[in-house]
Amino acid sequence: VYRVPVLADYMTGLLDVMADRGSGSPFKRWLYRAIDRFNIRRVPAFTDTDAHRQDFAQRLGLSQAQTACMGVVPVGVRQSLMEQRLAPAPDDAFIVQFLGTYIPFHGVEVILQAAQRLRDQASIRFELIGSGQTYDAMRELAAVLALDNVTFIPGFYGPPELLEMMSRASVYLGVFGDSDKTRYVVPSKVYESAALGRAVITADAPALHEFFTAGEHLLLVPPGDPDALADAIAGLASSPERAAGIGAAGRAHIESHYLPQHIGAMIRDHLARLM
């Protein structure tokens, strides 16, 4: 009716992807920056956090007025995920799980360094599920650190297999890389892990405080800090009741705020303002 174009899934710009993976020639970075800048200056768009919107303004040299029409819509989770009920985590082991594609932003090296600090706590085990860019380097690092408390599970899995593996864990890990992207996004894995009702630990960032309360819905540690991560894991391992409480609160928070009907209402309201 209104014939207004909207860039409705601008969660990650082209320049974002290159910076995230540490790839791309100077020319490609220049080109992608120009494309992102062109898009945002001329077409109303959505992004996932206000911190990300501010990053677009700074990175692309845009004024606040030029990014003011960019809507902020959290990633959220699909309804079907809320219908999953995981089996109880085993009592004889405290399993800490990471699921990811091993990009630098994930900071898997921080997880491995935290595992090294917890080697003497026999009940705490780590499972790293997935494959990707830094996978081989992380396997090498684990060998150098002699981590017999870490199990790598390479590959990509469908929901049934993945949920079966995830039911073993007491804690899910988010991202821990000390990068710009850590500060301005809330990874989808944080929403999805919280939705499953287990405690989540991830790196502290301004973006997370837009949508979650630290210490209530999840635990936050400084990015790039294996000591803080190890302390947070050990604290939950020593207090299963606290871990269960954070998991339950995180799931309830997702159910109240970040399901498709909530995200859809935000998009509808923003489109109405544009019209």
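**Charged pairs and a helix crossing**

Trainee: Is Arg78 buried, partly exposed or exposed?

Mentor: Arg78 has a relative accessible area of 43%, on a scale where buried means under 20%, exposed over 50% and partly exposed in between (1.4 Å probe, protein chains only). Keep in mind that this is a predicted model: local features need pLDDT of at least 70 and side-chain atom pairs 80 or more, while totals for chains, interfaces and linings use all residues. Residues are numbered from 1 along each chain as its sequence is written, and side-chain values use heavy atoms, leaving out hydrogens and water. Arg78 is therefore partly exposed.

Trainee: Which residue meets the side chain of Arg78 in a salt bridge?

Mentor: A salt bridge needs a side-chain nitrogen of Lys or Arg within 4 Å of a carboxyl oxygen of Asp or Glu. For Arg78 the N to O distance is 3.7 Å, and the partner is Glu192.

Trainee: How many residues apart in sequence are the parts that this pair ties together?

Mentor: Helices (H or I, at least four residues) and strands (E, at least two) are DSSP runs, numbered from the N terminus. Arg78 lies in the loop between strand S2 (71-72) and helix H5 (79-82), whereas Glu192 is in helix H10 (residues 188-195), so the parts are apart in sequence by 114 residues.

Trainee: In the salt bridge of Arg53 with Asp50, how far apart are the closest N and O atoms?

Mentor: Arg53 and Asp50 are 3 residues apart in helix H3 (residues 50-59), which means about one helical turn separates them. Arg53 is buried at 19% relative accessible area, while Asp50 is partly exposed at 28%. Their closest N and O atoms are apart by 2.6 Å.

Trainee: How are helices H6 and H12 oriented to each other?

Mentor: The axes of H6 (residues 108-117) and H12 (residues 226-237) come within 8 Å and cross at roughly 60°. Angles under 35 degrees count as roughly parallel, over 145 as roughly antiparallel, 65 to 115 as roughly perpendicular and the rest as oblique. H6 and H12 are therefore oblique.

Trainee: Which residues of H12 make the contact with H6?

Mentor: Contact means heavy atoms within 4.5 Å. Val110, Ile111, Gln113, Ala114 and Arg117 make it on the H6 side, and on the H12 side it is Pro226, Asp227, Leu229 and Ala230.

How values were computed
Axes fitted to C-alpha atoms, helices over the stretch in contact; angles between N-to-C directions.
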